[in-house]
Amino acid sequence: MRKLLTGIGATVLTVLLVGLGVDFGAAIAAEYRLSRAVRSAAGLNWDPSVAILGFPFIPQAMGHHYDEIEIKATDVDHPHVERASLEATMHSIGIAEASWLIRPDAVLPIGKLESRIIIDSAHLGRFMGLKDLMVEAPTVESNDATGGTTESGISGSEGLVFTATPTAAGFDQQVSVAVDLSVVGPERTTLVFTPTGVLTGPGTADQDVPEDKLTAILDAFRATLPDQRLPFGVAPTSQGARGSEVIIEGITEGLTITLSEFTQA
């Protein structure tokens, strides 16, 4: 009897392992095809990272509905800052008309869409003329146990800590400045950096500046960055920092997209 039970247990385990392998393999195939489809449709130079989330995968494919898809494209050509990263997180994706291997020309109904442009400190610093720029979340949020951030980890838009050497202002030491972010313009595609004051103390460059240099130093951290169009044309709903990156994010619900809209001209 023990041998029989052992044999049955081994058979069941084998079937489960085979099933898991098939499910995993199907998910990998679907992610690869979707990555290639996004690259082709959106005109990217290389395959973006794609993850179809939720387990198991095969019941989602058979039900013509994916729970969640993440698309991340790094080092994308972008106006003004040269390179940026683009991200989209889709929730509740209908694939009845697209097949489980999503085609480049697929039309996809989406329950909820989170869209982001991510600009790292190095590229932003070159644009602003601050070659050693480092960006951090507001000090209050960094010290807050809850993080004070959005669900995707983005800080608030006020009081970001920008640290750099403002050589254009005739100052050769690193300074930390509080900077507010806002999005303006008729299409809400222009990101505005507004410095509000020099910061000192822990977590900053802790550098005082002479009164006669203050205006010039603040102006060195002032900038306007146009043409920031989010993937799939989503309107911005927040902007802030995550790590040493500036992020513009838009969240919307109930729309239909095509993969070609991942990049916006």
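Strands β2 (residues 65–78) and β3 (residues 82–94) run antiparallel and are joined by 11 bridges; strands here are DSSP E runs of at least two residues, helices H or I runs of at least four, both numbered from the N terminus. Across this pair, E68 sits opposite H91 in β3. This is a predicted model, in which local features need pLDDT of at least 70 and side-chain atom pairs count only at pLDDT 80 or more, while totals for chains, interfaces and linings use all residues. Residues are numbered from 1 along each chain as its sequence is written, and side-chain values use heavy atoms, with hydrogens and water left out.

Zooming out, six strands make an open antiparallel sheet in the order β1-β2-β3-β4-β11-β10, where pairing takes at least two DSSP bridges between two strands. At the edges are β1 (49–53) and β10, each pairing on one side only. From one strand to the next, the twist averages 20°. Helix α3 packs on the sheet and touches β3, β4 (107–120) and β11 (245–258), its direction making about 60° with that of β4; contact means heavy atoms within 4.5 Å, and angles run from 0 to 180 degrees between N-to-C directions of axes fitted to C-alpha atoms, for helices over the stretch in contact.

As for α3 itself (residues 121–128), its buried residues are S121, H123, L124, G125 and M128, buried being under 20% relative accessible area with a 1.4 Å probe, protein chains only. After the helix comes G129, with a positive phi near 80°.

Over in β10 (residues 238–242) lies Q239, which counts as buried because its relative accessibility is 12%.

Terms used:
Buried means under 20% relative accessible area, exposed over 50%, partly exposed in between (1.4 Å probe, protein chains only).
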